[in-house]
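Hi there,

Here is the structure I promised to pass on to you. Have a look at it first, and then read on for my notes.

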Amino acid sequence: MAATVETPAISAPPFQLHNSPSMTRSPLIGSAPKTPARSPFTAMMTPLASPMKKAMASMQGYLEEVGQFTKLDPHDDWLPITESRNGNVYYAAFHTLSSGIGVQALLLPLAFSVLGWAWGIVCLSAVFVWQLYTLWLLVQLHESEDGTRYSRYLRLSMAAFGKKKGKLLALFPIMYLSGGTCVALIVIGGGSMKIIFEILCGGTCDIDPPSTVEWYLVFICCAIILAQLPNLNSIAGVSLIGAITAIGYCTLIWALSITKGRPAGVSYEPVKTGSELARICSVLNAVGIVAFVFRGHNVVLEIQGTMPSSRQKPSRQPMWKGIKFAYVVIALCLFPLAIGGYWAYGNSIPTNEGILNALYEYHLRDASKVILCLASVLVVINSLSSFQIYAMPVFDNLESRYTYSKHKPCPRWLRTALRIFFGCLAFFISIALPFLLSLAGLVGGIALPITLAYPCLMWILIKKPAKYSAMWCINGVLGVSGMVLSVLIVGAAIWSIVTMGVEVHFFKPE
């Protein structure tokens with residue numbers, strides 16, 4: 001009796017292919033075998049069977065090129081992150097730039113005022129390399145060996161740590177980072193709008209200037225209007241504008257600060273506090289600020305999830321190309337901003353909004369109003385653009401509750417209502433906690449595992465490298481170090497808040 005050939009199991013009918021027009025947004029599962037299973041039609045040797053043989057050979061060649069079947073999951077097709085999978089390397093670069101450069105970078109000179117020249121540069125360089133490595137890990141982990149795509153950080157965490165533990169470890173930091181960033185963008189964007197009005201109008205206008213709360217309201221209304229774009233791919237143009245404006249204001253601010261010269265009495269001595277414990281906490285808080293600058297890891301899997309993928313052309317290839325280009329540009333923005341800003345202002349950097357406030361405080365009279373106004377306009381546009389990409393995981397999470405319970409797509413009116421609700425909630429928090437930027441070290445410490453620790457630990461749990469191998473040791477050391485550093489930074493930030501205090505003004509934005 002002829003031996004039977006075992007046919008590999010597939011998870012969907014043959015017509016549900018990744019490159020099928022109706023299924024371009026479905027995640028992958030399973031990979032094609034290295035040697036395709038023999039078709040029963042190959043036994044046909046008659047001339048009548050020749051057309052069928054050619055058709056089957058063509059189909060087998062197509063399957064080898066596509067490489068993988070897809071698993072029909074309509075929920076992914078209905079959610080804003082994965083409902084469109086036609087992204088490319090350019091979209092990846094735009095989104096990465098928009099999420100990787102932001103107003104949080106303006107706080108870097110503030111961290112240098114505590115760390116000093118040498119340790120500031122060392123710390124910034126070390127965190128930059130560390131987070132770039134963990135980005136590479138996440139890009140590789142996006143697609144598992146069986147073809148499953150993890151298009152959300154939370155799902156990858158649940159796959160690595162288990163459903164309950166993964167949700168416990170990742171849900172709060174992800175939502176806290178996304179929501180906290182959106183609140184900070186309202187504070188900075190609304191405050192910059194107020195500055196634009198003051199520069200242009202000054203004391204010459206007859207109308208009463210709008211209050212800070214009213215400027216926050218103007219900003220969030222603009223953000224909510226932009227948030228009606230349906231999915232992550234649809235905001236690629238917005239991300240491009242955000243990336244251009246971020247590069248523009250970073251370059252403009254540090255160049256203007258250097259060319260205008262240093263204010264009198266600038267000192268580069270690290271800020272000293274009373275006790276040794278206070279000094280240690282201040283250093284850890286500064287490290288937390290540096291960690292907060294690199295905040296884009298909670299959206300990198302989501303960005304990669306918008307790209308098509310096959311065995312021959314996996315999504316990790318264009319994604320990594322986009323990231324490499326984006327982070328070259330990010331490095332060219334962050335390092336001059338940190339070093340140039342610290343050179344210009346030393347330890348006189350204001351604690352609120354960092355170098356941006358220093359620019360207005362020291363150069364409002366001797367700098368061109370057009371240049372100062374342009375810097376503020378770029379900050380506002382970038383804040384509106386960044387708001388969209390950081391709010392998208394929240395929108396996706398809110399809509400998933402409906403789609404998984406009702407098993408149908410979210411109606412347009414409900415999608416709009418959910419986004420308006422989130423915008424109003426962020427607006428309320430920005431009014432209630434306008435001092436949130438003063439807690440940048442605490443925010444950085446809470447979000448640090450998402451950036452520096454979890455990717456290393458998830459690589460070990462999912463890839464299962466040989467014990468004591470190079471990858472096992474590197475990721476183990478980095479993962480544990482990241483968790484320890486997170487605990488130390490959070491503890492130091494809380495201690496600093498309790499002992500030294502923070503200028504708290506609930507419901508009184510300035």
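Let me start with Y249: leaving aside residues up to four places away in sequence, Y249 touches G102, V103, L106, A375, L378, V379 and N382. Please keep in mind that this is a predicted model. Y249 also stands out in the largest nonpolar core, which has 123 residues; together with F387 and M458, Y249 touches the most other members of that core. There is a second, separate core of 5 residues, and F435, L442, I446 and A493 are among them. As a general background point, nonpolar side chains in soluble globular proteins tend to be buried together.

Now the overall picture. The protein has 16 helices and 0 strands. Of its 510 residues, 52% count as buried. The accessible surface comes to about 22800 Å², and carbon and sulfur atoms account for 68% of that surface. If you take the contacts with a separation of 6 or more, 85% of them join residues 24 or more positions apart.

Is L124 buried or exposed? L124 counts as buried because its relative accessibility is 0%, and the cut-off for buried is under 20%. Not counting residues up to four places away in sequence, L124 touches L108, F112, V290, F294, F335 and A338. L108 lies 16 residues from L124 along the chain, and their C-alpha atoms are separated by 8.8 Å.

How many disulfides does the structure hold? The count is 0. Two cysteines to look up are C123 and C281. C123 has a relative accessibility of 13%, so C123 counts as buried. C281 is buried as well, with a relative accessible area of 6%.

That is what I have for now. Happy browsing!

Best wishes

Note on methods: Residues numbered from 1 in each chain as written. Predicted model: local features only at pLDDT ≥ 70, side-chain atom pairs only at ≥ 80, totals over all residues. Heavy atoms only, no water. Buried < 20%, exposed > 50% of the residue type's maximum accessible area, 1.4 Å probe, protein only. Contact = heavy atoms within 4.5 Å. Helix = DSSP H or I, 4+ residues; strand = E, 2+ residues; numbered from the N terminus. Areas by Shrake-Rupley, 256 points an atom, 1.4 Å probe, with all protein chains shown as cover. Core = buried A, V, L, I, M, F, W, Y, C linked by side-chain atoms within 4.5 Å. Disulfide = S-S within 2.5 Å.
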